[in-house]
Amino acid sequence: MGTTSILVLAAGLLTILAGAKIFTNGIEWMGKKLNLSEGAVGSVLAAVGTALPETMVPLIAILFAPAGTATEVGIGAILGAPFMLSTLAFGVVGVSKMVFCRGSSCIDVKRSIVMRDLKYFICFYSLAAAAAFIPYMMIKIPIALVLVTGYGYYVIKTLGDGDTLSELDIPPLYLWKKGEEPPLSAIIIQVIISLGLIAGGANYFVDALGNLATTVMMPALILSIIITPIATELPEKFNSIIWVKGGKDTLAMGNITGAMVFQGSIIPTIGILLTPWSISTLAAISAALALLSSIIIYLITSKKELRASHMIYPVAIYGIFLLLIFTMM
């Protein structure tokens, strides 16, 4: 079982990586074809597209898992995804910048996009976390409606932010090697194929990871808050590495911060409506640390240029969380 799971893990990882490579190419062309801004492509299209795997995990856990563990795993996965993005994913951008752009430690992003995304995330996620401590469903439902409406407003505000993709150098579409510009139909087909690869690879990866965790008798909440989010957030991490390597830092950061906004508003709404939405101490700590990491990066970005070295703070916060887990076990 262990050897098989490891092989499936490796296959799933390679599939996600291939899907991410195809996706970034396709989504850039879609943004160029539709004359969209970097903010719209990175923070909305790419963020929502690559959020599919982690969206499916809590849904499947809540709707189909055994009643005893469904709520715990589902809520853990909902809270674990933003925590992973606001800590390790930021660290991935920092390390990628150091590796691929040794001559420049500055993360070349449009500060208004990063600050806007983090501002909305902090607001939405704080509201979602606060709802877990409210015992009355009649109050939680309006909060869920506020989160959905708020995300819609965020999307509208984001659509015109940043330079248009037509101003960036984009490699030829993988499914259209001809000299002329590819048609929208070819771009859409490539994006759909890439999302299929990402979702399929993530599904097998998470299943294999769960089998390994069961073998070593890992608690369900630990699996859902730490292990599963690392797997399901791989698309965002891979996308960001690819974009940093290509010198497109705004897209790299926007993919992460945009996914944080989506997962801090729409995904918690699922938890609020389909579960009792009461969280454990460990889950509450992960939410608090996710907010702390986001606030630190927001404050740094508001006062100075964002540098790769600044990403050590989110990674350190993730390390603190791991120490807390080992202390509580």
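The questions and answers below concern a predicted model of a single chain.

Q: How many helices and how many strands are there in the chain?
A: Read along the sequence, the chain follows the pattern α-α-α-α-α-α-α-α-α-α-α-α. The count for the chain is therefore, with helices and strands taken as DSSP runs, twelve helices and zero strands.

Q: What percentage of the residues in the chain are buried?
A: A residue counts as buried when its relative accessible area is under 20%. Among the 329 residues in the chain, the buried ones make up 54%.

Q: At what angle do helix H5 and H6 pack, and is H5 roughly parallel or roughly antiparallel to H6?
A: Helix H5 covers residues 111–131, and its axis lies 10 Å from that of H6, with an angle of about 170°. Angles over 145 degrees count as roughly antiparallel, so the about 170° between the two helices makes H5, in relation to H6, roughly antiparallel.

Q: How many nonpolar residues does the contact of H5 with H6 have?
A: On the H5 side the contact includes Tyr120, Phe124 and Leu127, while on the H6 side Ile143, Val146 and Leu147 are among the residues involved. By class, the contact of H5 with H6 has two polar and four charged residues, and the number of nonpolar residues is eleven.

Q: Which residue meets Asp249 in a salt bridge, and are both buried or exposed?
A: Asp249 lies in helix H10 (residues 249–274), and its partner lies in helix H4 (residues 67–100), 152 residues apart from it in the chain. The side chains meet at 2.5 Å, N to O, and both residues of this pair are buried. The partner of Asp249 is Lys97.

Q: Where in the chain is Glu181, which meets Lys33 in a salt bridge?
A: The side chains of Lys33 and Glu181 meet at 3.3 Å, N to O. Lys33 is partly exposed, with a relative accessible area of 33%, and Glu181 is likewise partly exposed, at 43%. The pair links distant parts of the chain, 148 residues apart, with Lys33 in helix H1 (residues 2–33) and Glu181 in the loop between helix H6 (137–158) and helix H7 (184–215).

Q: Why does the pair Glu305 and Arg307 count as a salt bridge, and what is its N to O distance?
A: Glu305 is partly exposed, with a relative accessible area of 46%, and Arg307 is partly exposed at 33%. A salt bridge needs a side-chain nitrogen of Lys or Arg within 4 Å of a carboxyl oxygen of Asp or Glu. The side chains of Glu305 and Arg307 meet this condition because their N to O distance is 3.9 Å.

Key
Residues are numbered from 1 along each chain as its sequence is written. This is a predicted model: local features need pLDDT of at least 70, side-chain atom pairs count only at pLDDT 80 or more; totals for chains, interfaces and linings use all residues. Side-chain values use heavy atoms; hydrogens and water are left out. Helices (H or I, at least four residues) and strands (E, at least two) are DSSP runs, numbered from the N terminus. Buried means under 20% relative accessible area, exposed over 50%, partly exposed in between (1.4 Å probe, protein chains only). Axes are lines fitted to C-alpha atoms, for helices over the stretch in contact, and angles run from 0 to 180 degrees between N-to-C directions. Angles under 35 degrees count as roughly parallel, over 145 as roughly antiparallel, 65 to 115 as roughly perpendicular and the rest as oblique. Contact means heavy atoms within 4.5 Å. Ala, Val, Leu, Ile, Met, Phe, Trp, Tyr, Cys and Pro count as nonpolar, Asp, Glu, Lys and Arg as charged, and the others, Gly among them, as polar.
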